[in-house]
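Me: I would like to go through this structure with you. Could we take it one topic at a time?

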Amino acid sequence: MSFKDMFFKKDKRFEPDIEDVPLILSGSFEEKIRNITNLFENCYDFSIREFLVEKTLKGCVFFFESLISYENVNRFILKQFMHPCHEKPYSFRNSETILKRFLPVHKAKTVTDTKDFLHAIYSGDCAILVENIKEAIIVSVHKERGRQVGEAIAETTTIGPQEGFVEDISLNYSLLRKRIKTSKFKMEYLQLGRLTKNTIILAYIEGTAKKQLVDRMKKKLSEIDTDGFVDSGHLRRFFQENNYSPFPQEILTERPDRCVSLLLEGRVALLMDGSPFAIIIPAVFIDIIKTADEAYMHYYIAMFIRIIRFTALLISTLSPAVYIALTVFHPGMIPTQLLITIASSRAGIPFPAIAEALIMEMVFELIREASVRIPKPIGPSISIVGGLVIGQSVVEAGIASQAMIIVVALTSITAFAVPGYATNNTLRILRFPFMIAASISGIFGIISLLLIILIHMVSRRSFGIPYLAPFGPLNVKDIINSFLHGPVSAQTERPSYLETGNIVHTKFKNKTSKKGEKNN
Amino acid sequence: MSFAFLSSCWDARELSEIGIVVVTGFDLDDDGLERVTVLSVQPFGRAATQGTTPTTWFGTASGKSAFEAMRNLRQTATRTLVWMHNKIILIGEEKAKKGIGNISDLLGRNREFRYDTTVFVTKGRAEELMQIPSNLEQSLFQELLGLIENTKLWSGAFALEMKDFEHNAFSMEHGGYVIGNMSSYETLKLPFSINRQEHLKLYNKDELYSVAYIGGGAVIDRNKLAGWLSDDEIQGYLLIGNKLKRSIVYYEDQNGLEYNVTLDILQSNTKISFPDASVNNLKAKISTKISAAIAEIDGAIEDLDPVFIKELEKKIKQKFISNMALTMDLAQNRFHTDFVEFHKELSAYHPAIWKQVKNDWRDIFPEIDVKYDVDLKIKQLGLLTRTISKLRK
C-alpha cells in the first residue's frame with residue numbers, strides 16, 4: 001500500500017451509465033407508444049397527443065410541454081395532420097413524402113435511432129409517429145423561454161453596445177452571427193454531458209484562428225465524460241491544463257461585442273446553452289487588464305487606463321504585504337515624517353502588524369462575501385455596517401490603526417479596478433500568501449514569492465501560447481498594441497502570439513503626400 | 001519553503017517597539033567620559049489621545065567611548081533606539097576641543113547613519129541645547145530642521161552634511177575644514193506671540209528664554225576645534241569654497257556721493273587655480289563669477305544707467321575681494337590651517353607638485369600669494385528704474 005493509496009483511494013466503481021432504453025422505434029405503433037410512455041413515466045411535463053389522420057390512420061405527437069411553443073405545434077403539425085379538407089388523399093406510406101410535401105416547417109428530419117429520437121425530444125423538438133411509418137419525424141418547434149437580450153450584468157461599460165448574452169444559446173449565437181457576416185465564421189456543434197446533454201458551440205473564423213488550436217479544442221472537448229455542467233465556468237475546468245495554477249487561461253465574457261473583437265483577433269469562442277458567459281481561448285496574462293470599451297476611446301485614454309489597471313493589479317496584490325514589510329522590517333526606508341505619522345497611528349495597538357493586517361483583510365473579505373448574497377432591501381445597511389461601524393469603531397477602540405484601514409480599503413477598491421470577475425478571485429487569494437511572505441522576511445520574502453510566481457507564469461503555456469507573451473518572448477510591437485493600446489495607425493496586425501492565419505487586418509492608405517496637400 | 005519555517009520573524013521590529021532617534025549630541029563630561037544625548041520620537045498611547053502629549057524622549061548616558069555611551073542609553077531607554085532617521089548631530093565645544101576623530105569614525109562605520117545627516121558644533125554643551133523647549137512645534141527637532149532649511153538662503157550660516165564631514169575627516173593631515181555652528185542665546189522676549197491674558201500669566205516670571213540659532217562656524221584642524229568664525233567671516237569661506245548659495249553684500253560709498261547699496265547675490269561660482277605652478281613658485285588665483293541683483297539703494301544717485309552700474313560693479317568687487325582676503329588672512333595667519341581647501345585643488349590638478357610639497361604643506365600654505373579675480377554682474381535692478389530720491393523730484 002503506497003502513500004498514495006492510503007490517502008487517495010481510487011474509486012474503481014466508476015462506470016458511465018448509459019440510459020438503458022429499449023429500442024423505441026421497433027415494433028408496432030402501439031408498442032412504440034407503450035415504450036415511450038413507460039420511459040417517461042412520472043414525467044409530468046411530457047405530453048402525448050394522439051390523433052387520427054384521414055379518419056383511419058393513427059398518429060401521435062410527443063413533446064415536452066415546457067420546451068415547445070404550442071402555437072407551432074397546433075398550427076403547423078396538428079392542423080396539417082387533422083385538417084379535413086384535403087383535396088386528395090395523401091399517401092402516408094413514406095416519411096419522405098410527409099417531410100417534403102406535407103409539413104411546412106423550417107426544420108424537420110427523420111430519425112430511426114433511439115438516441116437521436118430522445119435527443120430531439122430533450123432539445124424541445126416535437127416527435128411525430130404515424131402508423132405504418134417506420135421512422136419518427138422530428139420537427140423543431142422549441143420556444144425560447146427565459147431572459148431576453150438585455151444588459152450585460154457582470155461587465156458594464158460606459159460606452160459601446162449594451163447587449164449581453166443570455167441563457168438561451170440560439171439567442172447567443174444569433175448575437176454573434178449578426179455581427180460577423182462571413183461564411184468563414186464557423187460554428188461547430190458538440191454535445192457534452194451525459195445527463196445534461198449541453199449544446200456546445202465552438203465558434204471561430206476559419207483561416208484566422210489557428211487550425212491546431214481549433215482541433216485541439218475539439219479533441220479536448222470530445223474527451224470530456226461527465227454527468228453534466230451547468231455553467232461555462234464549470235465547463236472550463238475540464239479543459240484547463242494545469243489546474244493548480246491560480247491564473248486563468250481563458251476569458252469569460254458576457255458581452256457579444258467583446259466576444260466578436262476577440263474572435264476577430266483570432267481566438268476561439270465556446271458558447272454553452274444555459275450560460276450567459278462565453279469562454280474565449282486562449283488567454284494570456286495581459287488579457288486581465290483589457291475590457292471591451294477601450295477600442296471605442298481615444299488611444300491616449302485607453303493607454304492611460306490600461307496602465308492604471310495594471311498598477312491597480314499590483315497595488316491590490318502587494319500593498320498590504322509592502323505595508324507590513326516596510327513598517328516591521330525596514331522602517332529606514334520610509335521618510336521620517338511619514339514614519340512618525342504611521343507610528344502614532346499604530347501606537348497602543350495590541351496586535352503585531354501582521355496579525356492586524358490579516359484580521360482586517362479577513363473582515364473585509366467577509367463583508368464582501370456577505371454583500372454578494374444580501375437581499376436587495378438590506379443591501380445599503382451592509383455598507384453602513386461595514387464602513388462606519390467596523391472601520392470607525394475598530395480604530396476608535398484601538399484594535400486596528402488608521403493606516404491599516406487605509407491600506408485595506410485601498411486594496412479592496414483597486415481590486416475592483418481590475419476588470420473581470422474571474423481574475424479578481426485569483427488576486428484575492430494571492431494577497432494572503434504575499435502578506436505571509438512579508439511577515440516572514442520583509443521585502444526579501446515578497447520578492448522571493450514574486451519570483452516563484454513569475455517562474456511559474458513564465459513556464460506556463462495557455463493552449464500552446466506562452467503565458468507571459470508578449471513579455472515572455474519579447475515582442476515590442478505586441479506590447480504596444482496588446483498591452484498598451486497603441487494608436488490606430490500602429491494597430492494593423494493581430495497579436496503575433498496567437499499565431500493566426502492572416503496577420504494584417506487593417507490597411508491604411510499611403511500617407512506620403514506632397515507638400516501643401518493635407519490629407520482630407 | 002524551509003526558509004520560511006526556519007527563519008521565523010528574523011529582524012522584525014514592530015513600530016511600537018522602536019524609538020526613532022532624530023537628534024544626537026556628543027559631549028565630554030568633566031571626568032573625561034564621553035556623553036551621548038539623544039532626542040527620539042516615541043509615539044505612545046492611543047492615537048486618539050495624541051493631541052498635546054509630548055512624544056519626544058530625551059535621554060543621556062555616558063561611557064568610555066561614544067559607542068559605549070550609545071549602548072549605555074539602554075539603561076534608561078524605554079524602547080529600542082534606531083538611528084536610521086537621525087537628522088542632526090551636535091558636537092559640544094569641549095568635545096570638539098579634545099578631538100572629534102572618534103565621532104567621524106563612528107559615523108562612518110555605523111550602518112545606521114545616513115549621509116545627509118547634518119553636523120554642527122555647539123558653543124557650550126550639546127546636552128543643554130537639546131533641552132531647549134520648542135516654541136511652536138511639537139518638539140525641538142522640527143524647529144531645528146527648519147533652521148537648517150533656512151541656511152540655504154542665508155550665508156551667515158552653514159550646514160555641513162555628513163558625507164562631506166567624513167570626506168574632510170580623512171584628509172585631516174593637510175588641512176582643516178569648517179563645521180557650522182548651532183547654539184542658543186538667551187532673551188527676555190517671548191519667542192512666540194500670544195494674547196494678553198496668557199502673556200500676563202507669564203510676564204511676571206522674568207525669566208530668560210533660550211532660542212536656538214545657526215550662525216557662523218567652527219574651524220576644525222587635526223580633528224580639534226581651532227577657533228570660531230563669525231557670521232561675516234564665514235561668508236568669505238563659503239565664497240572661496242564655492243558653497244555660497246544666496247547672500248548679501250552691503251556697500252557704502254564714502255567718496256563724493258553718499259549712497260549705500262545692498263546687493264542680493266543670486267549665483268556664485270568660484271574656481272581656485274594655480275597658474276604657472278611649480279614647486280618653488282606657488283601662486284593661487286581665485287576666480288569668482290557672481291551675479292547679483294540690487295536690493296536696496298539709498299542716497300543721492302543721478303541715474304541708474306549702465307555706466308553707473310559698471311562703476312558700482314567695480315567698487316563692490318573690491319568689497320568681495322576684501323572679504324575673501326579677510327578669510328585668507330584668518331586661514332593663513334590666525335589659524336595656520338588650510339581650511340579653504342587649497343590642498344584639494346592642488347592634489348587633484350597638480351599631483352606631481354602635490355607629492356613634493358605634501359609634507360611641508362603647513363609651512364608652505366601661509367606663504368602662498370593669492371590673487372583675486374572677481375567678475376561681478378548686476379543683472380537685475382528690481383521694479384524701480386530710478387532711485388527714490390530721483391523719483392521724488
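Me: In what sense do β13(B) and β14(B) pair, and over how many bridges?
Reply: In this predicted model, β13 of chain B, residues 283-299, pairs with β14(B) in the parallel sense, over eleven bridges.

Me: Which residue is the bridge partner of B:Ala284?
Reply: The partner is B:Val370, which lies in β14(B).

Me: And what is the strand order of the sheet in chain B?
Reply: The order is β11-β12-β13-β14, an open sheet of four strands with mixed pairing. At its edges stand β11 (247-253) and β14 (369-380) of chain B; each has a single partner strand, so one side of each has no neighbour in the sheet. On average, neighbouring strands are turned by 35 degrees against each other, direction ignored.

Me: Which strands does α9(B) lie across?
Reply: Helix α9 of chain B, residues 231-240, lies across β11, β12 and β13 of chain B. It runs at about 40 degrees to β12(B), which spans 259-273.

Me: What about α10(B), which strands does that one lie across?
Reply: Helix α10 of chain B, residues 306-334, lies across β11, β12, β13 and β14 of that chain, and runs at about 140 degrees to β14(B).

Me: At what angle do α9(B) and α10(B) pack?
Reply: The angle is about 95 degrees, and the axes are 8 Å apart. The two helices α9(B) and α10(B) are therefore roughly perpendicular to each other.

Me: Which residues meet there?
Reply: From α9(B) come B:Glu233, B:Gln235, B:Gly236, B:Tyr237, B:Leu239 and B:Ile240. Their counterparts in α10(B) are B:Asn323, B:Met324, B:Leu326, B:Thr327 and B:Leu330. By class, this contact has six nonpolar, four polar and one charged residues.

Me: Another helix pair, then. How do α4(B) and α7(B) cross?
Reply: The axes of α4 (residues 101-109) and α7 (residues 162-170) of chain B come within 10 Å and cross at roughly 125 degrees. That angle makes α4(B) oblique to α7(B).

Me: Is the crossing left-handed or right-handed?
Reply: The crossing of α4(B) past α7(B) is left-handed. In this contact, B:Ser104, B:Leu107 and B:Gly108 of α4(B) meet B:Met162, B:Phe165, B:Glu166 and B:Ala169 of α7(B). The classes are four nonpolar, two polar and one charged.

Me: Changing topic: how many residues of chain B are in contact with chain A?
Reply: 22 residues of chain B are in contact with 24 residues of chain A. On the chain B side, α1 (2-7) and β1 (18-28) each supply at least two residues. That side divides into 13 nonpolar, five polar and four charged residues.

Me: What domains does the assignment give for chain A?
Reply: The assignment gives domain 1 (29-140), domain 2 (169-283) and domain 3 (296-465). The centres of domain 1 and domain 2 of chain A, taken over C-alpha atoms, are separated by 33 Å.

Me: What is the peptide bond from A:Ile281 to A:Pro282, cis or trans?
Reply: That bond is cis, with omega near -10 degrees. A:Pro282 is in the loop between β10 (278-281) and α10 (299-329) of chain A. The bond from A:Ala469 to A:Pro470 is cis as well, with omega near 0 degrees. A:Pro470 has its place in the loop between β12 (465-466) and α16 (476-483) of chain A.

Me: Last one: what is the phi of A:Phe463?
Reply: A:Phe463 has a positive phi of about 55 degrees, although it is not a glycine. A:Phe463 is found in the loop between β11 (461-462) and β12 of chain A.

Definitions and conventions:
Residues numbered from 1 in each chain as written. Chains lettered and ligands numbered in written order. Predicted model: local features only at pLDDT ≥ 70, side-chain atom pairs only at ≥ 80, totals over all residues. Pairing = 2+ DSSP bridges. Axes fitted to C-alpha atoms, helices over the stretch in contact; angles between N-to-C directions. Contact = placed C-beta atoms within 7 Å. Nonpolar A, V, L, I, M, F, W, Y, C, P; charged D, E, K, R; others polar. Domains from an automatic or database assignment. Parallel < 35°, antiparallel > 145°, perpendicular 65-115°, else oblique. Left-handed = near helix turned anticlockwise from the far one by under 90°.
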